[in-house]
Every structure is written in C-alpha cells, then in structure tokens.
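Here is a short report for a reader who is new to this protein. Please look over the sequence and the model before reading on.

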Amino acid sequence: AKARVRAFSKAGWSEEEALALVNLATVTAKCSPIGEALGIISKALRLCEAIHFAAGEAEASLAVASMQLHYSSNIEEAWRCAEKARRLFEKLGEPSGEAKACKLSGLASSRIHD
C-alpha cells in the first residue's frame, strides 16, 4: 500500500494518492496503534480538501468514523465524521456510501446515548 501511495504521488495523481492513503490507513488501523492510522487518514483528508476531491473526502471521513468507532473511544468524533461522510455522499448521489455512513452514524449515536 505504501508503494502505491509513493507511485501515485510521484506521478502527480492526487486523487489516486488520496484513496491509496485511505486504504493504507485502514490496513494500518488493524495492525498498528490507532494514532498512526489517524495520522495517515488526516493526510488523506488534507489532500482531498486541497484538491477539492469530494468523493475522496467522503471515503476518508467514513474511514475515520469507522476507526474512531471500532479502535478508539472517541465516539463523538466517530459520529461527526460519519455525518460529514453522509452529507458528502448525499451531495455526490452515492446511495451506497450514504447508507454506510448512516449505519456508522447510528452506531455511534447509540453509544453516545447509552
């Protein structure tokens, strides 16, 4: 995954680089400290925002929500990121992404109100 990030970066393929960073962060979250994964995903979010890549920003926000919900105790941040992803997917007309974000938002909300 790191090799893809480097290759896309060298080629100037910013959208592909951002999505590769999201994938790298997701893999990292499963086998490394959550802080490392969140650092990678933050880089992906900054890149998406800089190049106005809404689809990548939605995917990255969804990944942050999932990481916060499953690997961290920051449930409120999980909810905020899931809601951000939901709004972005809605604007993009992506019902599958919107549904995933709704699911994570609902899970986070139920934990907040427990």
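## Helix α4

Helix α4 covers residues 54-71, which makes 18 residues. At 1.5 Å a residue it should span 26 Å, and its end C-alpha atoms lie 25 Å apart, so the two values agree. The expected span is 1.5 Å times one less than the number of residues.

The buried residues of α4 include G56, E57, A58, A60 and L62. V64, M67, Q68 and L69 are also among them. Buried means under 20% relative accessible area, with a 1.4 Å probe and protein chains only. These buried residues pack against α2 (14-31), α3 (34-50), α5 (75-92) and α6 (95-112).

## Basis of the model

This is a predicted model: local features need pLDDT of at least 70, side-chain atom pairs count only at pLDDT 80 or more, and totals for chains, interfaces and linings use all residues. Residues are numbered from 1 along each chain as its sequence is written, and side-chain values use heavy atoms, without hydrogens and water.

## The whole chain

The protein chain has 6 helices and 0 strands. Helices (H or I, at least four residues) and strands (E, at least two) are DSSP runs, numbered from the N terminus. Of the 114 residues, 39% count as buried.

The C-alpha atoms fill a box of roughly 45 × 35 × 20 Å along the principal axes. Contacts (heavy atoms within 4.5 Å) also tell something about the fold. Among those between residues at least 6 apart in sequence, 52% join residues at least 24 apart.

How values were computed. Buried < 20%, exposed > 50% of the residue type's maximum accessible area, 1.4 Å probe, protein only.
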